[in-house]
Amino acid sequence: MLSCWVIYNGSLVSDKFQDQAQLMAEAAERQGIQVSIMKNYEIQMSLSEQQIFPDFAVLLDKDILLGYFLKSRGVPVYNDPAIIDLCDNKATQYIRLSERKIPMPKTIVAPKVYPNFPIQGSGYYEGVLDQLGLPMIIKEGHGSFGMKVYLIETEGQFYEKSKAYRASITCSRNSSQKAGARHPRQYRRRKIVAAMKRQSDTDFRANITNGGRAFPVELTPQQEQLALDAAQAVGAVFAGVDLLYGPDGQTLVCEVNAAAHIRNILNVTGVNVADAMMRYIQEDLA
């Protein structure tokens, strides 16, 4: 009998993180896998002590160091920590997507700027404004559930955010970002497991956390292929891919989530993605 750890971040107080782990654990049990739900801090990353590890781990968190530690001890980790690491930083993810020619909003990654050494007046920021125009979206490098994403409508807002976050930001044209996001969940058998459409009438972000609404949606073959290509571009075994409607009707990739949550898509579509994930892992380890 296979054994696994389903790991979530125990320092986060919201019940949705434990709920995510419970969904995965129940899926594992349905397939005859011995499972333990673990908070990340319950696993000591001791580099000298001998420990007993499971046959594999499902990492539902961005504790990337823990993922690397488990992998160093011979534990297969889903998703691989290198993939979570890549996707967790929006700038590195966008560079990879661009490298693989994935259609996405026009985006500029900010340069590294040290504190007390500003580059205002260098002409750089003026060039960004000239290329992208207003309104635009600024995203910090790390953030989830629509947090640390800002709608910029004036030059004053642009300079304020650019000064505050320096190299941790990416800037994108806003015309695509306002569209409703389709959210496929997928796994590496080149298959879309489920999809939903999100939209908001009150916020430029469509995240359900920010009051967005969600509906089941039928993807076109082109949209399915784009979602699969985006997940493959970052190397994800499992992924939630956010798609956007571009201003000319073209579908664009907003981002790939390597530690995507599955409760909302279960509630909206009735599809429990955890079962597909566990079936894939069993096949992968066979």
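Ile84 is found in helix α3. This is a predicted model. With a relative accessibility of 2%, Ile84 falls under the 20% limit and therefore counts as buried. Leaving aside neighbours within four places in sequence, Ile84 is in contact with Leu59, Asp61, Lys62, Ile64, Asn79 and Ala258.

Another of the partners, Asn79, has its place in the loop between β4 (77–78) and α3 (81–88).

## Backbone features

Two cis peptide bonds are described here. One joins Tyr78 and Asn79, with omega at about -15°. The other runs from Leu134 to Pro135, with omega near 0°. Pro135 is found in the loop between α5 (124–132) and β6 (136–140).

Lys101 is not a glycine, yet its phi is positive, at about 60°. Most residues other than glycine have a negative phi, and most peptide bonds are trans. Lys101 lies in the loop between α4 and β5 (107–109). Its relative accessible area is 72%, over the 50% limit, so Lys101 is classed as exposed.

## Packing of α4 against α8

Helix α4 covers residues 90–99 and helix α8 covers residues 221–234. Their axes come within 9 Å and cross at roughly 115°. The crossing in which α4 passes α8 is right-handed.

On the α4 side, the residues that meet α8 are Gln93, Arg96 and Leu97. On the α8 side they are Ala230, Ala233 and Val234. By class, the residues of this contact divide into four nonpolar, one polar and one charged.

## Aromatic pairs

The structure holds nine aromatic pairs. In one of them, Phe53 and Phe69 have ring centres 6.0 Å apart and planes at 65°; because that angle is over 60 degrees, the pair is edge-to-face. The pair links distant parts of the chain, 16 residues apart: Phe53 is in the loop between β2 (34–39) and β3 (56–59), while Phe69 is in helix α2 (residues 64–72). Phe53 is partly exposed, with a relative accessible area of 22%, whereas Phe69 counts as buried at 5% relative accessibility.

The rings of Phe158 and Tyr159 also pair, with centres 5.3 Å apart and planes at 70°, so this arrangement is edge-to-face. Phe158 is buried, with a relative accessible area of 1%. Tyr159 is partly exposed, with a relative accessible area of 25%.

Phe56, Tyr78, Phe238 and Tyr280 form one aromatic cluster. Tyr78 of this cluster is joined to Asn79 by a cis peptide bond.

## Cysteines

A disulfide is a covalent bond between the sulfur atoms of two cysteines. With a cut-off of 2.5 Å between cysteine sulfur atoms, the count for this model comes to zero disulfides.

Cys87 counts as buried, because its relative accessibility of 9% is under 20%. Cys254 also counts as buried, with a relative accessibility of 11%.

How values were computed
Residues numbered from 1 in each chain as written. Predicted model: local features only at pLDDT ≥ 70, side-chain atom pairs only at ≥ 80, totals over all residues. Heavy atoms only, no water. Buried < 20%, exposed > 50% of the residue type's maximum accessible area, 1.4 Å probe, protein only. Axes fitted to C-alpha atoms, helices over the stretch in contact; angles between N-to-C directions. Helix = DSSP H or I, 4+ residues; strand = E, 2+ residues; numbered from the N terminus. Left-handed = near helix turned anticlockwise from the far one by under 90°. Contact = heavy atoms within 4.5 Å. Nonpolar A, V, L, I, M, F, W, Y, C, P; charged D, E, K, R; others polar. Phe/Tyr/Trp six-rings, centres within 6.5 Å; stacked < 30°, edge-to-face > 60°.
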